[in-house]
Amino acid sequence: MAIRRHGSEEILAEGLSSAQAAQRLLENGENVIPQVEVSALQLFIKKFWAPVPWLLELTILLEFILGDVVQALIFIALLVFNIVLSVSQEARANVALDLLRRKLTVTARVMRDGEWGMLPSSQLVLGDFVHIRQGDFVPADVGVTVGEVEIDQSALTGESQSVKVGVGAVVYSGSITVRGEASGVVQAVGSATYFGRSAQLVSTAQSPGNMERLIFGLVRALIGFAVVMAAVVFVDGSVRHTSLHVMLPFIAILLIASVPVALPATFAVATALGSEELSRHRVLVTRLAAIEEAASMEVLFTDKTGTLTENRLAVTALDAEPTFEEDDVIRVAAAASDAATEDAIDRAVLGAFSERGLVPLGSPLTYVPFEPATKRSEATIETSSGVRRAIKGAPQVVAELCGVKKESVMTRVARMAESGARILAVAQGDDQGRPELVGLIALSDPARGDASELVRDLRGLGIHVVMLTGDGIATATVIATQVGIGDRVAPARVLERGVGSRETAPTPQAVRPWEREDWFDVYAEVMPEDKLRLVDDMQKQSIIVGMTGDGVNDAPALKQAEVGIAVSSATDVAKAAASLVLTTPGLGDIVAGVEVSRRIHQRMLTYSLNKIIKTLQVAIFLGLGFVFYGQFVTSPALVVLLLFANDFVTMSLATDNVRSPRQPQRWRVKSLVIAALGLSIPLVLLSFGLWWYGSSVAHLHLHQLQTLVFVWLVTSGQATIYLVRKRHHFFHSVPSRWLMLSSCADLLVVAVLAWRGWLMTSIGGVELVVVFATSLLYLLVGDGLKSWIFHFAGLR
């Protein structure tokens, strides 16, 4: 039976038995809120209202007005096919996110069968006795019976100001515990709670990432180029007196051909597959954009405790003041601890207290938990000699409270910290006067066995690892040396002048921050606001930042960083703020996360480069072909069929086998455009060459020439995919099975359609062989030229 005390009031709190809880769970159901799901039909209808569908719908309307029903039906088929594909792939991504969300369930500290334990919040029932502390989401509506907490209810009321809640009041589900600790009885669960947010506490709202924004910016540029070519066609057609009945559909289809219709679906597939792969590496994704941004991450700010160390604290040394014994140090420290908090330091102190079989100082009256702002915890105890205070915390803070010279205390701290231990000071005193220093406690948290390998692997990926810790310089230096981070250690106060700061904004040729003298590998005595300042300083210098954290005060920095990483022991608030959540101790799995991210980047880079090349080829050839020959080199219907044959096949690039680059990846649009231009010029020249062959050598009539051009655009598109998927020779790696199967099926279907004359005018086998041979020639010649082109464009 557990007894909790608030002031002079004792509260009996043994909680429910497991049998009682099971019965109430059966009667009232789980502590979750049913989510409102949008039907597939609603999603399908909504997809018709977007810029790309608008363009297709306008073309369909135009075709009906002009009386070309067949052409309109083809466009309708394209529109429906695109929407069905997009909905199905987004559904696949949402299924993956739902699975991840279920793994990110909020937990609660519950008294069951007289013992404290952690349970998923969904298992809470009416009458459960729970404990909440700083950094917790309130898992249900709880009537406070012990303690006082400061609560952020902005998610419920919209009020940004936090409120204090004490005994007799209710804290509502979905609130965030900002400060303090309290225990109480669950009064409402699930749909009966004030606002019912238990099942929606982990945010999965998706914001567009850097890669997505850049790709769509590139799309707008491609459409802009197509508009220019369409204007050229329109002016030339007007001069030739070409009828609008013929010209307008062709101009519309020229614009459509420049739109990467498959882009949203390709992007959804790539990120969904990435999130599934990361979950197999024990990394859960709460914001899909972070998968892309991790590819560009150059700096990772990492905590020490639980990340580079084992987060397995134990009391390893004691240094008592002359008037006290070692047991006195432990007794006072235990009085300033609380088992209900599940705090690692408190567990270590209370564990040492139990092992020594010591007697408590007295009965606890009040308890103020450790806070980063005060750097100490404090309790008042009722003893036989009156009310006493017990304090434990950072040595410099406790020494100042006791009026002891910091220099003498810190000299002893430095000596005890030589092994890398974390040092706490302990003090006691009466309720009114200045406390008296009792002694120092050394808590060892050894470096993880894989920490050195982790740091080495991250550096091998071009990521600079910086350790942040609230511990003193001595402890930070020892751990940093053990794991190989570096020996440039500084106190957090140096951050007031900025990190690697310069009077002027850096240029692309500027020295990077870690190459400057004011860069440090380790920052000690760090406060939560220091972490936010570090992230902000890096972002001002256009550097993609990763940040690890575990507490509520880390949430702002985790949210600010492009790649916020919550470690496995993080609070619910930290996990909600982060974009990646690790499910095993340490940061070892984040290496896999970076490699997956860079592979996705490579796939999307290949897609974008391929799309730029094809847009330049199609727009230039179709536009200039009309200007030079006075006729359309292919028909609008065949351009629509080209979208089926090319754009949707390139979706299989989301599954392609690619190697993870060893350096951070950034989008360089200028480099992409230059490289695409260099590879599209041979394509345009070969396009005009094939037109000459078809008209002058094979003597094909116009409709056969249009079929010849269609087959060429498809086969050269496939050749381009294999040409640009590797920076080196295309035969250096084997494509994915889906990519190869998609290409083979695409080429086979197109060849049969052209040979048999289905949906187009038939051409002979000789012409098909010439087209396929020309595409192979382009692949071989382009493979020899691309290294020089990529080098010139600055594309690595």
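## Arg725 and its polar partners

In this predicted model, the side chain of Arg725 makes a polar contact of 3.3 Å with the side chain of Ser733. A second polar contact, of 2.7 Å, links the side chains of Arg725 and Asp656. Arg725 sits in the loop between H22 and helix H23 (737–756). Is Arg725 buried or exposed? Its relative accessible area is 3%, so Arg725 counts as buried.

The surroundings of Arg725 can be listed. Setting aside neighbours within four places in sequence, Arg725 is in contact with Thr606, Asp656, Asn657, Phe730, Ser733, Val734, Pro735 and Leu739.

## Thr606, on helix H19

Thr606 belongs to helix H19 (residues 588–629). With a relative accessible area of 3%, Thr606 is buried. Which residues does Thr606 contact, leaving aside its neighbours within four places in sequence? They are Leu653, Ile721, Val724, Arg725 and Arg727.

One pair shows how sequence and space compare. Thr606 and Ala654 are 48 residues apart in sequence. From C-alpha to C-alpha, Thr606 and Ala654 are 9.7 Å apart in space.

## Arg599, also on H19

Helix H19 also holds Arg599. Arg599 is buried, at a relative accessible area of 17%. Its side chain makes a polar contact of 2.6 Å with the side chain of Glu277. Not counting residues up to four places away in sequence, Arg599 touches Glu277, Val658, Arg659 and Ser660.

## H21 against H22

Helix H21 (residues 669–697) and helix H22 (residues 702–724) pack with their axes 10 Å apart. The angle between H21 and H22 is about 150 degrees. H21 and H22 are therefore roughly antiparallel to each other. The crossing of H21 past H22 is right-handed.

Which residues make this contact? From H21 come Leu679, Leu683, Leu686, Ser687, Leu690, Trp691, Gly694 and Ser695. From H22 come Leu702, Leu705, Leu708, Val709, Trp712, Ser716, Thr720, Leu723 and Val724. The residues in the contact of H21 with H22 comprise 12 nonpolar, 5 polar and no charged. One of the H22 residues in this contact is Val724, and Val724 is also in contact with Thr606.

## His699, between H21 and H22

His699 lies in the loop between H21 and H22. At 61% relative accessibility, His699 is exposed. His699 has a positive phi of about 55 degrees, although it is not a glycine. Most residues other than glycine have a negative phi.

## H23 against H24

H23 and helix H24 (residues 765–793) pack at an angle of about 145 degrees. Their axes are 10 Å apart. H23 passes H24 in a right-handed crossing.

The contact can be named residue by residue. Leu747, Ala751, Ala754 and Trp755 of H23 meet Gly765, Leu768 and Phe772 of H24. The residues in the contact of H23 with H24 divide into 6 nonpolar, 1 polar and no charged.

Lys375 lies in the loop between strand S13 (363–371) and S14. Lys375 is buried, with a relative accessible area of 15%. Lys375 has a positive phi of about 60 degrees and is not a glycine.

What does Lys375 contact, leaving aside its neighbours within four places in sequence? The partners are Phe370, Gly393, Ala394, Val397, Gly470, Glu525 and Met527. Lys375 and Pro395 are 20 residues apart in sequence. In space, the C-alpha to C-alpha distance of Lys375 and Pro395 is 9.3 Å.

## Helix H10 and its surroundings

S14 returns in the packing of helix H10. The buried residues of H10 (residues 326–335) are Val329, Ile330, Val332, Ala333, Ala334 and Ala335. Against what do the buried residues of H10 pack? The helix among the partners is H11 (344–356). The strands are S12 (314–320), S14 (376–383), S15 (386–393), S16 (422–430) and S17 (436–444).

## The whole chain

The protein chain has 24 helices and 23 strands. Of its 796 residues, 55% are buried. Among contacts with a separation of 6 or more, 74% are between residues 24 or more positions apart.

Technical notes
Residues numbered from 1 in each chain as written. Predicted model: local features only at pLDDT ≥ 70, side-chain atom pairs only at ≥ 80, totals over all residues. Heavy atoms only, no water. Axes fitted to C-alpha atoms, helices over the stretch in contact; angles between N-to-C directions. Helix = DSSP H or I, 4+ residues; strand = E, 2+ residues; numbered from the N terminus. Parallel < 35°, antiparallel > 145°, perpendicular 65-115°, else oblique. Left-handed = near helix turned anticlockwise from the far one by under 90°. Contact = heavy atoms within 4.5 Å. Nonpolar A, V, L, I, M, F, W, Y, C, P; charged D, E, K, R; others polar. Buried < 20%, exposed > 50% of the residue type's maximum accessible area, 1.4 Å probe, protein only. Polar contact = N/O pair within 3.5 Å; in protein donor to acceptor, adjacent residues only side chain to side chain.
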